[in-house]
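Here is a short report on the structure shown below. It covers the loops, the confidence, the fold, the sheet, the core and the charged pairs.

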Amino acid sequence: MPVMSITRDCGSRLSVGYAHRRDQQLAWATKQQLQEEASARSRSRSRSRSRSRSPSAIRSPGIASRNADLSGGPRVIKLSHVLRESPGLWDGTRLSAVERFVTELDPLPVVFRRPAAALQTLFLSNNSLSSLQGVQQFPALRVLSVANNLIATLEAVEPLSALPQLAVLSLEYNAVAQLPNYRFHILRLVPALRQLDSREVTAAERHACEGVLRREEAQLSSMCDSAALILKLRRGVQKLRLHAELR
């Protein structure tokens with residue numbers, strides 16, 4: 001489905017061209033930040049490999065240990081707590097909480113509620129998020145980076161459907177990005193998306209999206225029916241064997 005319809009009059013064509021240039025400028029404006037985050041991830045992995053080779057690695061806490069409480073369970077680190085400790089992470093329209101071990105996008109403090117409605121750029125890479133639940137509190141979001149987290153399922157990214165203006169999204173280095181037809185599922189959730197994982201969303205992808213997902217749903221339904229039939233046949237075989245043994 002096309003992002004916008006170009007009408008015949010000249011004024012509409014000019015407005016479409018302006019919107020396209022504006023979105024291109026937005027994508028370029030965030031490209032450098034995303035590259036910086038990728039460099040930070042690379043440096044972090046290099047430091048981790050260096051620590052694993054040294055004797056002091058046993059004493060150096062990694063992400064897992066830092067995110068564990070004294071009882072040995074996972075430690076919950078909420079975005080609101082990080083923001084209270086470091087309010088400078090937010091400059092009014094942009095919030096960058098990269099590598100803060102955040103595990104939950106909880107409702108923000110009252111003082112940030114109103115600015116949250118106007119937040120346009122959110123960087124949360126290199127954290128410990130397993131779900132995007134809570135991102136709905138940023139309805140004006142245009143750029144979102146949650147690369148290198150713990151997001152593994154399509155259900156975990158469903159809150160993206162509450163972000164109608166989202167244009168640039170990064171989910172790289174999350175397990176969910178390896179699922180079949182991942183890009184099409186994200187496009188169904190966020191039809192206005194222009195860039196996903198540093199790659200432009202093409203017109204061909206938009207056109208094929210619904211057809212691909214309908215075929216996938218049909219295949220899954222057929223697989224479930226086949227699995228149910230196999231189970232039924234196995235139970236029938238078991239009953240026949242039981243009757244044969246009782247004769």
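## Two loop residues with positive phi

Serine 198 sits in the loop between strand 5 and strand 6. Its phi is positive, near 65 degrees, and the residue is not a glycine. Serine 198 is partly exposed, with a relative accessible area of 48%.

Tyrosine 173 also calls for a look. Its phi is positive at about 65 degrees, although tyrosine 173 is not a glycine. This residue lies in the loop between strand 4 and helix 5.

## Model and confidence

The model is predicted. Mean pLDDT for the chain is 76, and 66% of the residues reach 70 or more. Residues 1-23 have pLDDT below 50; beyond near neighbours in sequence, the model gives this stretch 16 contacts. Residues 49-66 stay under 50 as well. For that stretch the model has eight contacts beyond four places in sequence.

## Overall layout

The chain has 247 residues, and 36% of them count as buried. Its secondary structure consists of six helices and six strands. Read from the N terminus, the order of elements is α-α-α-β-α-β-β-β-α-β-β-α.

Contacts between residues at least 6 apart in sequence can be sorted by separation. In this chain, 60% of them join residues at least 24 apart. The accessible surface comes to about 15,300 Å². Carbon and sulfur atoms account for 57% of that surface.

Strand 4 (residues 168-170) pairs with strand 5 (residues 195-196) in the parallel sense. Two bridges make up this pairing. Valine 168 has glutamine 195, in strand 5, as its bridge partner.

## The nonpolar core

In soluble globular proteins, nonpolar side chains tend to be buried together. Here the largest nonpolar core has 45 residues. Leu144 and Leu160 have the most contacts inside this core. The elements that give two or more residues to the core are helix 3 (79-85), helix 4 (110-118), helix 5 and helix 6. Helix 5 gives the most, with five residues.

What does leucine 160 touch, not counting residues up to four places away in sequence? Its contacts are Leu132, Leu144, Leu166, Leu169, Ile186, Leu189 and Val190. Leu169 belongs to strand 4, which spans residues 168-170. Ile186 and Leu189 fall in helix 5, residues 182-189.

## Salt bridges

Side chains of opposite charge can pair when their charged atoms come close. How many salt bridges does the structure hold? There are three.

Glutamate 205 is in helix 6 (residues 203-246) and arginine 183 in helix 5 (residues 182-189), so the pair ties together parts that are 22 residues apart in sequence. Both residues, glutamate 205 and arginine 183, are buried. Another salt bridge links arginine 188 and glutamate 210, at 3.1 Å from N to O. Arginine 188 lies in helix 5 and glutamate 210 in helix 6, so this pair too ties together parts 22 residues apart in sequence. Arginine 188 is partly exposed at 32% relative accessible area. Glutamate 210 is partly exposed at 35%.

Arginine 199 also forms a salt bridge with glutamate 205. The closest N and O atoms of that pair are 3.8 Å apart. Arginine 199 has 48% relative accessibility and counts as partly exposed, whereas glutamate 205, at 11%, counts as buried. Through shared partners, salt bridges join Arg183, Arg199 and Glu205 into one network.

Conventions: Residues numbered from 1 in each chain as written. Predicted model: local features only at pLDDT ≥ 70, side-chain atom pairs only at ≥ 80, totals over all residues. Heavy atoms only, no water. Salt bridge = Lys/Arg side-chain N within 4 Å of Asp/Glu carboxyl O. Helix = DSSP H or I, 4+ residues; strand = E, 2+ residues; numbered from the N terminus. Buried < 20%, exposed > 50% of the residue type's maximum accessible area, 1.4 Å probe, protein only. Core = buried A, V, L, I, M, F, W, Y, C linked by side-chain atoms within 4.5 Å. Contact = heavy atoms within 4.5 Å. Areas by Shrake-Rupley, 256 points an atom, 1.4 Å probe, with all protein chains shown as cover. Pairing = 2+ DSSP bridges. pLDDT = per-residue confidence, 0-100.
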